[in-house]
Every structure is written in C-alpha cells, then in structure tokens.
Amino acid sequence: MEEAANHNAARATDLTKIYGQGETRVVALDKVSVAFGRGEFTAIMGPSGSGKSTLMHCMAGLDTITSGSSRIGATELTGMKDDQLTRLRRDKVGFVFQAFHLLPTLTAAENITLPLDIAGRRPDREWLDQVIAAVGLADRLAHRPGQLSGGQQQRVAVARALASRPEIIFADEPTGNLDSRSGAEVLGLLRDSVREFGQSVVMVTHDPVAASSAGRVVFLADGRVVDELRAPTADQILDRVKAFDAAGRVS
Ligand code: ADP
C-alpha cells in the first residue's frame, strides 16, 4: 500500500493513438505525456477534434493505445486484453457522462450500487450513506431516473462513480446537459469529492466556468498537450482559449 501511495492516480507517457490507416489515418494523440495526481481535480480543454475524448478513453481503458504507456495507479493498461480492461474499469475507474447513462428501470439507489453489484462486491454501507448524503439524494433513493430532474440524475451518476471509491473518476462534459444552476451543483459535488474524500477527478469540458472549478486545467491542441494553468479563474481560462483560437486562425 505504501508503494501505491507514490503513484499518480493516472499517468500517460508518450501516449499515441492513431485511428485508421492510409488516407483515413488520423493521429488523434501525438506522444502525450500527462500525469493526474491523487486527490487532484483536473479539467481538460481544447478545441473540437483536439483529442480530449480520445485521451480520456485511452486513459480510462475504454479504447486501446497505439503506442506509449498509460497507467491507472500502478497498473499498466498498454497490452491489456479486453477482459482485463473491463475488469480494470470496473475496479478502478468511475465514470460520469454528459447523458447520465442511468438505467431507467432501476431506482436511484439501485443505479448507485449497480457497478458494485455487477462486480459482486458488497457495498460499504457507511460509505454509501456518506456519498448519498453528500449528493443530497437521501429522499430520492426510491425514484427512477424518469422521475428525477437532469441535475438530480447527474447527482445519482456522481454517487454511482464515487460508490466504489475508484482510483480515478473520468467525467465527460458532465454539465453539458444541465442548466447552469444544476451544472454548478454537480461541479460543486465533484470538487467536494476531491477536497473531502481525496477523490481524483479528471473532467473534459469546453466550458471555462466549469473548468475553473478544477485546480488545474490542461489544454490540448492537435493531439498534443500545449499548456496548463493552476487554480485559474474562468476569465484566465477564457483568455487562454481565445489566444489559442486566434493562433489557430492565423496558422
Ligand atoms: P475532441 O474530444 O477534442 O473533440 P476527439 O478525441 O474526439 O477530439 O478526436 C480527435 C481526432 O481523432 C479527431 O480528428 C477525430 O476526428 C479523430 N477520431 C476520434 N475518434 C475516431 C474514430 N473512432 N475513428 C476515426 N477517427 C477518430
């Protein structure tokens, strides 16, 4: 355990991802090296097509890597077979998606514990109660997703991601389908999970205000990491995004 404490939550080294071949060949990630520390909340930003989703998918074990290395904690993903990746995702990764991805026939409580149930793991009741209290859903546990607002559904999804105490949570545009108030609530939850529970969170977003919830913002362009900011304000992020856009138009 002590040794594990020295590892980052996730780390990519010279991570390259190429889709297709010949005329359809696309270098989606070009030797990306980036580390996400434990208990850190990082936002990933960049223009459409810059490789944000690909980076997240490769680092979360949802997609294979062409070359380089990617780790979750001490576990190397490169070379893993599909069933190994499935187990790794189940045991070490939490996901929050833009479209919530809850099962409509299950209650909120059942959705929250579903990944644990599938893994045959007994939920830690005390921890679950803590998580449910943190997301403010104690009086909505018997509701099905269709009976909940978008913001409440996303809070269920955050609770589901936290339930297994994963090594890292990857959130893909988690506020993209929410009004600004619900979005702010979800961002607050992610931030609290980092601050209070020491959870590690990586969030892809195109929204500078959402990104300013994170302690660190990593910028991608053309499949490369081109910059990063620590503890930035939304205005600082917006300035940086505008500068990249301007540079892109000139070149
Ligand atoms: P972003 O999330 O920043 O919008 P993506 O990671 O989705 O960027 O895409 C990066 C590049 O890889 C783009 O040029 C995109 O067209 C390409 N790409 C992504 N997924 C695939 C795929 N499954 N097949 C072929 N090309 C892909």
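**Close-up 1. The hairpin of β4 and β5.** In this predicted model, the hairpin of β4 and β5 has 2 residues between its strands, and G73 adopts a positive phi near 55 degrees. Strands here are DSSP runs of E with at least two residues, helices are runs of H or I with at least four residues, and both are numbered from the N terminus. R71 has E76 as its bridge partner in β5. Residues are numbered from 1 along each chain as its sequence is written, and side-chain values use heavy atoms, with hydrogens and water left out. Because the model is predicted, local features need pLDDT of at least 70 and side-chain atom pairs count only at pLDDT 80 or more, whereas totals for chains, interfaces and linings use all residues.

**Close-up 2. The open sheet of 4 strands.** The strand order is β2-β1-β4-β5, with antiparallel pairing. β2 and β5 (75-76) stand at the edges with a single partner strand each, so one side of each has no neighbour in the sheet. Between β1 (residues 10-19) and β4 (residues 67-72) there are 5 bridges, in the antiparallel sense. R11 is bridged to R71 of β4, and T16 has S67 as its bridge partner in β4. Helix α1 lies across β1, β2 and β4 and runs at about 120 degrees to β1; contact means heavy atoms within 4.5 Å. Axes are lines fitted to C-alpha atoms, for helices over the stretch in contact, and angles between N-to-C directions run from 0 to 180 degrees.

Close-up 3. Y19, V26, A28, P47, S48, G49, S50, G51, K52, S53 and T54 surround the ligand, a residue being near it if one of its heavy atoms lies within 4 Å. The side chain of K52 places an N or O atom 2.8 Å from an oxygen atom of the ligand. Polar side-chain atoms of S53 and T54 also lie by ligand oxygen atoms, at 2.7 Å for S53 and 2.5 Å for T54. On its own the ligand has 560 Å² of accessible area, of which the protein covers 59%; such areas come from the Shrake-Rupley method with a 1.4 Å probe. Two or more residues of the shell come from each of β2 (26-36) and α1, and α1 gives the largest share, 3 residues.

**Close-up 4. The open sheet of 6 strands.** In this sheet the order is β6-β7-β8-β3-β9-β10 and the pairing is mixed. From one strand to the next, the twist averages 20 degrees. Helix α1 (residues 52-59) packs on the sheet and touches β3 (41-45), β7 (168-172), β8 (201-204) and β9, its direction making about 150 degrees with that of β7. Helix α5 (residues 150-163) lies across β6 and β7, at about 170 degrees to β6.

**Close-up 5. The pairing of β9 with β10.** Strand β9 (residues 216-221) is joined to β10 by 6 bridges, and the two run antiparallel. Within this pairing, R216 stands opposite R230 of β10.

Terms used:
Two strands pair if DSSP finds at least two bridges between them. A polar contact is a pair of N or O atoms within 3.5 Å; within protein, one must be able to donate a hydrogen and the other to accept it, and residues adjacent in sequence count only if both atoms are side-chain atoms.
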